[in-house]
Amino acid sequence: MTKVLITGGAGFIGSFLAHKLVANGDKVIVVDDLSMGRLENLTDIKDEIVFYKHTVCDEQFMHDLLLKGNFDYIYYLAAVSSVADSVVRPWYTHLVNQESVVNTLEFIRTNHLPIKKFLFTSSAAVYGNTADFPKTENSHVDPLTPYAIDKYASERYTVDYGRLYDIPTVAVRFFNVYGPRQNPNSEYSGVLSIVTKCLKENKPFTLYGDGSQTRDFIYVEDVVDALIKISTETDELTVYNIANGDETPLIDVIRTYENIAGSKLNIIKKEARLGDISKSRADVSKLKSIGFKPQWSLHDGLTNYWKYYSKN
Ligand code: UD1
């Protein structure tokens with residue numbers, strides 16, 4: 001039986017990945033300190049997985065787990081995913097977002113652990129505000145925050161450990177992932193999680209800017225398919241963008257969502273956020289070249305999201 005470790009497996013994307021791998025018949029082990037993730041995200045599969053409430057920064061714990069685990073695949077999703085938090089607590093978030101990653105890679109190297117893949121999850125944040133458009137994996141990077149710097153460093157370490165020490169590694173850069181279970185509770189949460197909450201609870205939504213800013217939104221289940229494909233069907237030591245490859249103006253997404261929800265969002269307009277990117281789109285040719293095709297249109301993804309949120 002294939003054994004899989006998911007760090008951050010109680011989080012938004014990690015929990016979807018855990019569900020999918022359990023459904024595929026894999027043995028899934030989750031490590032999550034529940035700082036961002038929630039145990040409820042794993043309720044449906046709680047009897048089928050092994051769960052450790054633990055930080056990935058605890059070296060001894062991670063070493064013991066890696067040594068005893070005999071993992072085939074390691075999906076590294078544990079992170080402090082709030083950019084704003086990384087600006088407030090750069091040292092702490094650095095320990096989680098970079099040091100824990102290198103520590104895990106180093107342990108795999110020095111103990112010759114026979115893994116099939118180590119996959120690290122990075123972010124489109126590494127591109128910063130560079131002019132290249134759309135973003136290919138070879139576009140310039142300009143990581144502007146501790147979060148982006150750590151993500152960039154960790155993805156380089158990941159690919160480099162692969163090249164230097166012959167470890168099967170790969171890294172991915174998420175664009176704007178949306179879907180059920182995304183935590184809407186900070187003003188820096190994914191915009192569609194905030195829109196969902198405001199629609200549902202009839203609360204005012206603050207729109208920064210005029211809504212013409214575009215984003216490349218991808219539904220979480222497509223992200224999970226991409227992650228599994230990349231880890232099981234490629235050997236290239238490289239980085240992949242994970243996105244749809246389309247750009248949609250935020251205001252259009254909001255209008256579509258209003259139609260689906262059958263109610264109007266109470267929009268309050270404010271100045272665009274400092275440093276906000278006006279256009280974002282990924283070039284996904286590399287991901288497509290390995291046979292990935294997104295299955296969820298924005299309309300279908302939002303419909304499913306709304307259905308889920310209305311039930312829960
Ligand atoms: C996303 C990432 C961020 C990363 C950046 C790099 C998330 C949650 N954020 O930011 O970590 O640095 O990509 O490309 O994935 N908005 C509103 N009202 C709100 C919230 C947001 O109008 O209440 C607007 C924002 O100003 C922005 C757009 O919605 O223009 C999308 O915001 P957000 O979901 O935070 O994502 P990014 O800005 O793309």
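Strand β4 (residues 73–76) pairs with β5 in the parallel sense, over four bridges. Two strands are said to pair if DSSP finds at least two bridges between them. Helices (H or I, at least four residues) and strands (E, at least two) are DSSP runs, numbered from the N terminus. The model is predicted: local features need pLDDT of at least 70, side-chain atom pairs count only at pLDDT 80 or more, and totals for chains, interfaces and linings use all residues. Residues are numbered from 1 along each chain as its sequence is written, and side-chain values use heavy atoms, with hydrogens and water left out.

Isoleucine 74 has phenylalanine 118 as its bridge partner in β5. β5 also runs parallel to strand β6 (residues 169–174), and six bridges join them. In β6, valine 170 is the bridge partner of leucine 119. Helix α5 (residues 146–165) belongs with β5 and β6 to a right-handed β-α-β unit. Right-handed means that, with the strands pointing away from the viewer, the path from the first strand over the helix to the second runs clockwise.

## Burial of β5

Strand β5 (residues 117–123) is largely enclosed by the rest of the structure, because seven of its seven residues are buried. Buried means under 20% relative accessible area, exposed over 50%, and partly exposed in between (1.4 Å probe, protein chains only). Lys117, Leu119, Thr121 and Ser123 point one way from β5, while Phe118, Phe120 and Ser122 point the other way; all are buried.

## The chain as a whole

The chain holds ten helices and 13 strands. Its radius of gyration is 19 Å, which agrees with the value near 20 Å that a compact globule of 312 residues would have. That radius is taken over C-alpha atoms, and the globule rule is 2.2 Å times the number of residues to the power 0.38. Along the principal axes, the C-alpha atoms fill a box of roughly 55 × 45 × 40 Å.

Of the 312 residues, 53% are buried. Among contacts (heavy atoms within 4.5 Å) between residues at least 6 apart in sequence, 77% join residues at least 24 apart.

## Helix α6 and serine 193

Helix α6 (residues 191–201) contains serine 193. Buried residues in α6 are Leu192, Ser193, Ile194, Val195, Thr196, Cys198 and Leu199. Their cover includes β7 (176–178), β8 (205–208), β10 (217–219), α8 (250–261) and α10 (298–311). Asparagine 202 follows α6 and has a positive phi, near 55°.

Serine 193 counts as buried because its relative accessibility is 0%. Not counting residues up to four places away in sequence, serine 193 touches Gln182, Asn183, Pro184 and Tyr305. Glutamine 182 is eleven residues away along the chain, and its C-alpha atom is separated from that of serine 193 by 6.0 Å. The side chain of serine 193 also reaches the backbone oxygen of glycine 190, at 2.7 Å.

## Asparagine 97 in helix α4

Asparagine 97 is placed in helix α4. With a relative accessible area of 1%, asparagine 97 is buried. Leaving aside neighbours within four places in sequence, asparagine 97 is in contact with Ala79, Val80, Phe120, Tyr147, Asp150 and Ser154.

## Backbone exceptions

Most residues other than glycine have a negative phi, and most peptide bonds are trans. The peptide bond from phenylalanine 133 to proline 134 is cis, with omega near -15°. Proline 134 is in the loop between β5 and α5.

Histidine 112 has a positive phi, near 50°. Histidine 112 is placed in the loop between α4 (90–110) and β5, and is exposed, with a relative accessible area of 68%. Arginine 181 has a positive phi too, near 75°. Arginine 181 lies in the loop between β7 and α6 and, at 17% relative accessibility, counts as buried.

Notes. A polar contact is a pair of N or O atoms within 3.5 Å; within protein, one must be able to donate a hydrogen and the other to accept it, and residues adjacent in sequence count only if both atoms are side-chain atoms.
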